[in-house]
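Please walk through this structure with an eye on its charged side chains.

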Amino acid sequence: QQQQQQQRQQQIVLQQQRRLQEQQQRETQREASQANFENHLQSLPLNERLDIIRRSHEEIHQEASDLREKMTRHMELFNALTQRVKTITPHSPQYKQLEMEVIRVRNIQTSISIRYGDLQWVEKRLQAIFVASKQEETKAAKLHEEEQRKKMREAEEAKQRAELEEQRRAQEAEELKKLQQKQQKLREEQDRRRQEAEARNLELALKQQQQQQQ
């Protein structure tokens, strides 16, 4: 009997070691798979990345909801089976059969719990990427807004410069026109004075000629 007890303990230890190895292997595979998925996400444009994360969230929530329902059903089944086992005599064929069924249901519950845990782990990772992506989106939106404001400011400054240049040219043209008009008036005044002087000289010459003839 002591030997049987030792064998049983050894089996329990071996089972625990095997389960631990399986868990470590599963976690390693899960992390590698998630890392590949996240690398793929990071390579996508921001809007596509956010769409995929949103869809993944919806799928995870749906599957998690289905798993909770499944877990509830199997918990009820497990409780019913354990109650039935208590009413049956040990070592009977029916007892052994029920015991196998209890183990099967417990294994299904374990699988559901593992999958549910995986989903929660993935959701946490996705949530972190979603938050980082939203921050990136906000940053990109602010940058775009700043660039738009800068473009508008530069366009406004260019418009003001063009208006000032136009005003300067118009002012220069007006000043040139005034200068030309002034020069024209000065020439006309000079011509008038010259003509008057020529007329006076001619008149004086005629008078002198008349006096000489007398």
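**Salt bridges, a buried glutamate and a pocket**

Arg-194 and Glu-198 sit four residues apart in helix H3, about one turn of the helix. Helices here are DSSP runs of H or I with at least four residues, numbered from the N terminus. The model is predicted: local features need pLDDT of at least 70, side-chain atom pairs count only at pLDDT 80 or more, and totals for chains, interfaces and linings use all residues. Residues are numbered from 1 along each chain as its sequence is written, and side-chain values use heavy atoms, with hydrogens and water left out.

Arg-194 and Glu-198 form a salt bridge, with the closest N and O atoms 3.8 Å apart. The term means a side-chain nitrogen of Lys or Arg within 4 Å of a carboxyl oxygen of Asp or Glu. Salt bridges that share partners also join Glu-165, Arg-168, Arg-169 and Glu-172 into one network.

Arg-194 has another partner. Its side chain meets that of Asp-191 in a salt bridge of 2.9 Å, N to O. Asp-191 and Arg-194 are three residues apart in H3, about one turn of the helix. How accessible is Arg-194? Arg-194 is partly exposed, at 43% relative accessible area. Glu-198 is partly exposed at 49%, and Asp-191 at 34%. Buried means under 20% relative accessible area, exposed over 50%, and partly exposed in between (1.4 Å probe, protein chains only).

Glu-22 forms a salt bridge with Arg-18, the closest N and O atoms lying 3.9 Å apart. The two are four residues apart in H1, so about one helical turn separates them. Glu-22 is partly exposed at 42%; Arg-18 is partly exposed at 44%. A search of the whole structure finds 17 salt bridges.

Now move along H1, residues 2–43, to Glu-38. Is Glu-38 buried or exposed? Glu-38 counts as buried, because its relative accessibility is 15%. Beyond its neighbours within four places in sequence, Glu-38 is in contact (heavy atoms within 4.5 Å) with Arg-125 and Ile-129.

The elements giving two or more residues to its lining are H1 and helix H3 (93–213). H3 gives the largest share, ten residues. The lining holds 18 residues, and Gln-15, Arg-19, Ile-103, Arg-106 and Asn-107 lie nearest the centre. On a 1 Å grid over the protein atoms alone, a pocket is an open set of points with protein on both sides within 12 Å along at least five of seven lines, and lining residues have an atom within 4 Å of a point.

Definitions and conventions
1 Å grid on protein atoms, 1.4 Å probe; cavity = no way out; pocket = protein on both sides within 12 Å on 5 of 7 lines; lining within 4 Å.
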